[in-house]
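Visitor: Please show me the model, and let us go through it one question at a time.

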Amino acid sequence: MKAVNVLSRLLKLLTIVTFIALVIVVLIQITGRYSPFSFVWTEELSRFLFIYAIAFSAPVAMEKREYVRVDLLLNFLPTQLKKYYDAAIYLVIGAFSAFLITHSYDFALLGRNQSSATLMIEMYYVNLSMMITFILLALYSFLNIYVVLKAD
């Protein structure tokens, strides 16, 4: 579990860093509208930073079990059954995320030898964010099954 804690702290740090960088780039973009200088790269970089901010923050939300849920049905279930219901939901999410890992890697490979228009970043690295997200979502979903079933 210590490795998971280190990974969680790293994801939180990366989320903060990418979000702060996103805010700075957008501020540069806004001020660039009123200055004689042109910052064409800001639009593309802000998009890539947003993608990676989501890639790092989605697993953190999964770890904390803070995804949006509809509790209408859940409120009518007995306490013991709620636990198994939650575990089943995390199993479905984890299995679906695990299924998408190979497909997202295939998608990332499509970006090889293609670069972004202004930053000249290979699109493989941008598309790889999906695979990172699905690996971490699957990991935290399966960990949530353990946490939910172990809880009293």
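Visitor: Which residues does F107 touch, not counting residues up to four places away in sequence?
Guide: This is a predicted model, where local features need pLDDT of at least 70, side-chain atom pairs count only at pLDDT 80 or more, and totals for chains, interfaces and linings use all residues. Residues are numbered from 1 along each chain as its sequence is written, and side-chain values use heavy atoms, with hydrogens and water left out. Contact means heavy atoms within 4.5 Å. With residues up to four places away in sequence set aside, F107 touches N127 and M130.

Visitor: Is F107 buried or exposed, or partly exposed?
Guide: Buried means under 20% relative accessible area, exposed over 50%, and partly exposed in between, with a 1.4 Å probe and protein chains only. F107 sits in helix α3. Its relative accessible area is 36%, so F107 is partly exposed.

Visitor: How far apart in space are F107 and Q29, C-alpha to C-alpha?
Guide: In sequence, F107 and Q29 are 78 residues apart. In space, their C-alpha to C-alpha distance is 30 Å.

Visitor: How far apart in space are I135 and A98, C-alpha to C-alpha?
Guide: I135 belongs to helix α4 and is partly exposed, at 37% relative accessible area. I135 and A98 are 37 residues apart in sequence. From C-alpha to C-alpha, the two are apart in space by 6.6 Å.

Visitor: What pattern does the protein chain follow along the sequence?
Guide: Helices (H or I, at least four residues) and strands (E, at least two) are DSSP runs, numbered from the N terminus. The protein chain has 4 helices and 0 strands. Read along the sequence, the pattern is α-α-α-α.

Visitor: What is the radius of gyration of the protein chain?
Guide: The radius is taken over C-alpha atoms, and the globule rule is 2.2 Å times the number of residues to the power 0.38. For 152 residues the rule gives 15 Å; the chain's value is well over that, so the chain is more spread out than a compact globule. The radius of gyration is 19 Å.

Visitor: Which residues does L11 touch, not counting residues up to four places away in sequence?
Guide: L11 is among the core residues that touch the most other members. Leaving out residues up to four places away in sequence, L11 touches F56, P59, V60, L136 and Y140.

Visitor: What is the phi of R65, roughly?
Guide: R65 lies in the loop between α2 and α3 and is partly exposed, at 36% relative accessible area. Its phi is positive, in a residue other than glycine. The value is near 55°.

Visitor: Where is N113 found?
Guide: N113 is not a glycine, yet it has a positive phi of about 65°. At 77% relative accessibility, N113 counts as exposed. Its place is the loop between α3 and α4.

Key:
Core = buried A, V, L, I, M, F, W, Y, C linked by side-chain atoms within 4.5 Å.
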